[in-house]
Amino acid sequence: IHSAKSKKGSPREETHTHDQSQLVDVPAETFLATTNTTPHYKHPDEITTAAMSRIIRYWSHLHFDLDAYLNSFLPSSILPRAPSFLAHFLGYRNHPPHPPPKPLGNIPMIFWAFIGILTSLTFIGGVVLSIPSFQSKGVPTIIGSFGAAAVLDFYAIESPLAQPRNAILGQLISSVTGILVCKLFGLAENFEGIRWVGGAFACATATALMALTGTVHPPAGATALMAVVDEDVARLGWFLLGPVMLGCGLMLVTALLVNNVQRRFPYYWWSPGEMGGYWEKKKGEKRPGMHPGADSESARTTGLEVVIRRGEVIIPEGITLRPEEVLWLETVGQRL
């Protein structure tokens, strides 16, 4: 760096380039400002804000899917190998009908929902009244949450919330949660004064557990609540599991008979996704005439398409799907 006078007599800073054959004039003030800068330290508030942003982004993307870990270890459905009549009333359809039927009108849906709700709740009430142990324990003839469950199981049958996994396991999880919370809060001396808090805690906990296990069933939230706040239900304790599971089983049997006359129920028993992948991989099983990736490769090279409409799934030649995969596509089609 060489100091020099400019033509106007003002001091200038000159710097050598790499070949030192050219000099570049730089104002002294600019040079000092660039060479005497002190290190920039972030304010603690800036560090805290950045850390909170990272935590929020991490929290916003947290996700847990039980089926992603469990489904591959569960056996595949046996319904494709069951007698056609039995499989029909268990919700299995081996192929979409041709020509596809028109969507069912709301009047038939209302009619079958009326028949199903009336039959199932009457069936449950009659069975409960005929069991001496239930009568000696003072079990309610019909637990209130079964009313909401009947609406789901006989009218909103396409909803995932109405499928057997949700209807049975959701009630089981909620009943156990409600009983445990009731016993926990019952240890307090002023239990009657905080019973309503226990009911809210039981319902919230049961909902969280159902969501984590993929068994959300809204009526089950009412079961957890009643197991704490309803004296007639709360005093049953662990005996509550008996009438709840019995009621779920009787309602499911009625739903299988009524809902499969003109409709289809259930759309799946455990999950619409593929199951049994671990065991097939262990046995080295492959789809008939298929190689890994053949479907996708064929579709990319020939332009094949699978068409899904309500009540109809069109699978072109050259693509072979397993019965579980066809069932899943049909489920999607029915929800369009």
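Modeller: Let's start at Thr177, which sits in helix 8. Helices here are DSSP runs of H or I with at least four residues, strands are runs of E with at least two, and both are numbered from the N terminus. Keep in mind that this is a predicted model, where local features need pLDDT of at least 70 and side-chain atom pairs need pLDDT 80 or more, while totals for chains, interfaces and linings use all residues. Residues are numbered from 1 along each chain as its sequence is written, and side-chain values use heavy atoms, with hydrogens and water left out.

Thr177 counts as buried because its relative accessibility is 6%. Buried means under 20% relative accessible area, exposed means over 50%, and partly exposed is in between, using a 1.4 Å probe and protein chains only. What does Thr177 touch, leaving aside its neighbours within four places in sequence? Thr177 is in contact with Ala202, Thr205, Ala206 and Leu209, where contact means heavy atoms within 4.5 Å.

Together with Phe64, Tyr69 and Leu212, Leu209 makes a nonpolar surface patch of about 420 Å². Patch residues have over 30% relative accessible area and no salt bridge; nonpolar side chains (Val, Leu, Ile, Met, Phe, Trp, Tyr) are joined within 5 Å, and like charges within 9 Å. Areas come from the Shrake-Rupley method with a 1.4 Å probe, and for residues only the protein chains shown count as cover. Phe64 belongs to the loop between helix 2 (44-60) and helix 3 (66-70), and at 45% relative accessibility Phe64 is partly exposed.

Now back to helix 8 (164-185), which is among the elements covering the buried residues of helix 7. Helix 5 (106-129), helix 10 (218-229) and helix 12 (241-259) are also part of that cover. Seven of the 10 residues of helix 7 (residues 145-154) are buried, so helix 7 is largely enclosed by the rest of the structure. Those buried residues include Phe146, Leu152 and Asp153.

Rolling a probe the size of a water molecule over the atoms shows where empty space is left.

Finally, look at helix 9 (residues 191-213), where Arg195 and Glu192 are three residues apart, about one helical turn. Their side chains meet in a salt bridge (2.8 Å, N to O), meaning a side-chain nitrogen of Lys or Arg within 4 Å of a carboxyl oxygen of Asp or Glu. Arg195 is buried at 8% relative accessibility, whereas Glu192 is exposed at 57%. Arg195 also forms a salt bridge with Glu231 (3.0 Å, N to O). Glu231 lies in helix 11 (residues 231-234) and Arg195 in helix 9, so this pair ties together parts 36 residues apart in sequence.
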